[in-house]
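Hello,

Here is the structure I promised to send over. Have a look at it first, and my notes follow below.

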Amino acid sequence: MTGLSYVYAVCHPFEGPSLSRLTALGGTSPTLLHHCRLAAVVSTVPKADFSEQALKARLEDLDWLSSTARAHQAVIDALVKVTTPLPLRLATVFWDSSGVRSMIEERQDDFRRTLNRLEGRVEWGVKLYLDTEPASDLAERPANGRDYLRRRRASTHAHDERWQLAEGFAQSLHERLCRYAENSRLYAPQGSALSTEPGRNVLNAAYLVPRAHSEDFVDQVDRTKDEAPGIRVEVTGPWAPYSFTGEAVL
């Protein structure tokens, strides 16, 4: 045995463009392994990188981990264009195809139930940012203590007003987007340490949208982008419905 079976996703069997033009992990093309009226998307990867012992060391290598995650995601993104994939966790590997089949047999009811629920739907991510506040006049030397307190109160009041405006806009946007979505997930706003985007994250949400409604969903986001000065809206997708798989992901 020269390699291990790496599983990217489980999906319904589909007919469409071949995955042979896509280079997956291990330098091979992903293929479909059909079993129990389901299909696992797999490729062969070297044991030197993906055996249990090797992974313990590899997962500490950030460069390797990053390139592996990109290759894994590239396969999922390709699948989204032709079907509704149920993505499995990074580095889901089995000794051989019989191990993959056993996994499908054990989880087939869960997989099939989740895939039926998500069929024909994709995930869109929407984030709203409150731009960095303008420079405060507190930077100027106050004339006296009373002047300092006046400026401090004015700055605090302006900050509170901007934040309340952003929260109200986020709530309004979320309600409008839910008209096109069958489900949504609201996540805690990202702190500045975790975000590469400027400004303060106000809304961090995922939406499960039927493919037929995706264009209207994105149009709705685009129409709101200039409604509130100082507030920036960003949309990403379409993605595999990661946020809505429940317990189906290994």
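Strand β6 gives the largest pocket the largest share of its lining, five residues. (A pocket is an open set of points on a 1 Å grid over the protein atoms alone, where a 1.4 Å probe fits and protein lies on both sides within 12 Å along at least five of seven lines; lining residues have an atom within 4 Å of a point. Strands are DSSP runs of E, at least two residues, and helices are runs of H or I, at least four, numbered from the N terminus.)

This is a predicted model: local features need pLDDT of at least 70 and side-chain atom pairs pLDDT 80 or more, while totals for chains, interfaces and linings use all residues. Residues are numbered from 1 along each chain as its sequence is written, and side-chain values use heavy atoms, without hydrogens and water.

Besides β6 (121-130), β8 (200-210) and β9 (231-239) each supply at least two lining residues. The lining has 14 residues, with G125, K127, N204, A205 and T236 nearest the pocket centre.

As for the sheet, it is open and antiparallel, with four strands in the order β7-β8-β6-β9 (two strands pair if DSSP finds at least two bridges between them). β7 (183-186) and β9 are at the edges with a single partner strand each, so one side of each has no neighbour in the sheet. Four antiparallel bridges join β7 and β8, and L186 has A205 in β8 as its bridge partner.

Best wishes
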